[in-house]
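Subject: Structure handover

Hello,

Please find the structure below, for you to take over. My notes on what was found follow it.

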Amino acid sequence: MGTAFGTFGELLQGVLPEEDGDFLVTLPVARWTMATYRREPALEDVVVRPAGKTKALRLARTIGELAERQTGVSTGGGTLHVNSVIPEGKGLASSSADLVATARAVGQALRVEMPPSRIERLLADIEPTDGVLYPAIVAFHHRTVRLRGVLGSLPVMAVVGIDEGGSVDTVDFNRIPKPFTLADRHEYARLLDRLACAVRRRDLAEVGRVATRSAQMNQLLRDKWSLEPMREICREVGGLGVAVAHSGTTLGILLDTGDPSYTQRVSAAAQACGELAGGVTVYRTLSFPGGGGRARG
C-alpha cells in the first residue's frame, strides 16, 4: 500500500531567470490518494481499477520491468487499486498523488526501493509533476521533475476554497508558452526568496502576501474571473491572502487556524464565498514535524 497527499494549487508558481526555470512551491493539504497493489503471478499483466487510471497503470508496468531487470525473475502481473478523495482536473495534484502512491505501493510489493530521486526519474517520463513526494513545503521544478529545495513547514492553515468550474489537463497546460518577461522572472526569484524566508520564520502573513501576488501574476497565463472578488472577501474577513491552482480551476482564502477569531473568520469567508461561487470546500493544510531546510539555487 502507498499513500500521497494532494495540494491546494500552489503558494507560488512561475518562471525563474535561468534555463529550465519553471517552478512551483507546494501547498500540501489533507486530501489523499491510496494505492494498493496485489501481486498475482497467474496474471500476465497489471490490471488497474478504476480502468481510467492509465498513467498509474503505465507506471506500475515500468516498475515491474525494473524489478525483473534487478532480479532476473518475472514478477508476473497484479491488480492495482487507486482510491482518491482529491478532485481531478482542478489543480489539486490529483494525478501526481496517484502516481506517487502507485510508485510506493508497487515498489513495496515488488521489493524495489522507491526513494524520492527514483520516483522523480520514473515520473519524468510520464508527465509534469508536483512535489508531493516530499513531506514538506518544497520548491519544485515540475516540468523537469526535480527538487529545487525544501523550504520547511508551516502551522496549519485553513483554505476556504471555491471552484470556477471545468477542468484543466496539466500536460496540455504545460505546453503553453509562458508570456513572462525577464522582469517578471526576476520578480518570481524575489518572491521565492521572500517565501523561503517566510516559511523559515513561520510568517503566515508574508506567506499570504506572496501567494496573492503569485495569483495576480498568473492572470496573464490563466485568468480567473473570481480572483478580485476573492481578494475583497479576504480583506473583509481578515484573511492571510489568496492561493490559487495556477494550472487549475480553484481559488482559496488562507486563514490562520491559530487566530483567536478563526471561527468567526472562517464562517464569514465560507458564507461570502458561497454567495460568490455557489459552493465552498474548506481544506486544511498539512504541517510536518521537523520540516525544515532552505531553497537551493
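Helix packing

Helix H1 (residues 54–71) packs against helix H3 (residues 116–124) at an angle of about 125 degrees, and their axes are 11 Å apart. Helices (H or I, at least four residues) and strands (E, at least two) are DSSP runs, numbered from the N terminus. Axes are lines fitted to C-alpha atoms, for helices over the stretch in contact, and angles run from 0 to 180 degrees between N-to-C directions.

This is a predicted model, in which local features need pLDDT of at least 70 and side-chain atom pairs count only at pLDDT 80 or more, while totals for chains, interfaces and linings use all residues. Residues are numbered from 1 along each chain as its sequence is written, and side-chain values use heavy atoms, with hydrogens and water left out.

H1 and H3 are therefore oblique to each other; angles under 35 degrees count as roughly parallel, over 145 as roughly antiparallel, 65 to 115 as roughly perpendicular and the rest as oblique. On the H1 side, Leu59, Thr62, Ile63, Leu66 and Gln70 meet Arg118, Leu122 and Leu123 of H3, where contact means heavy atoms within 4.5 Å. The residues of this contact of H1 with H3 are 5 nonpolar, 2 polar and 1 charged. Here Ala, Val, Leu, Ile, Met, Phe, Trp, Tyr, Cys and Pro count as nonpolar, Asp, Glu, Lys and Arg as charged, and the others, Gly among them, as polar.

H1 also packs with helix H2 (residues 94–110), at an angle of about 30 degrees and with the axes 9 Å apart. That angle makes H1 roughly parallel to H2. Residues of H1 in this contact include Leu59 and Ile63, and those of H2 include Leu99 and Val106. By class, the contact of H1 with H2 has 9 nonpolar, 4 polar and 1 charged residues.

A loop residue

Thr75 lies in the loop between H1 and strand E4 (77–84). Is Thr75 buried or exposed? Thr75 is buried, with a relative accessible area of 10% (buried means under 20% relative accessible area, exposed over 50%, partly exposed in between, with a 1.4 Å probe and protein chains only). Leaving aside neighbours within four places in sequence, Thr75 is in contact with Arg39, Gly64, Ala67, Glu68 and Leu110.

Cysteines

The count of disulfides comes to 0, a disulfide being a pair of cysteine sulfur atoms within 2.5 Å. For Cys273, the nearest cysteine sulfur is that of Cys234, 9.2 Å away. Cys273 is buried, at 0% relative accessible area, whereas Cys197 counts as partly exposed at 28%.

Regards
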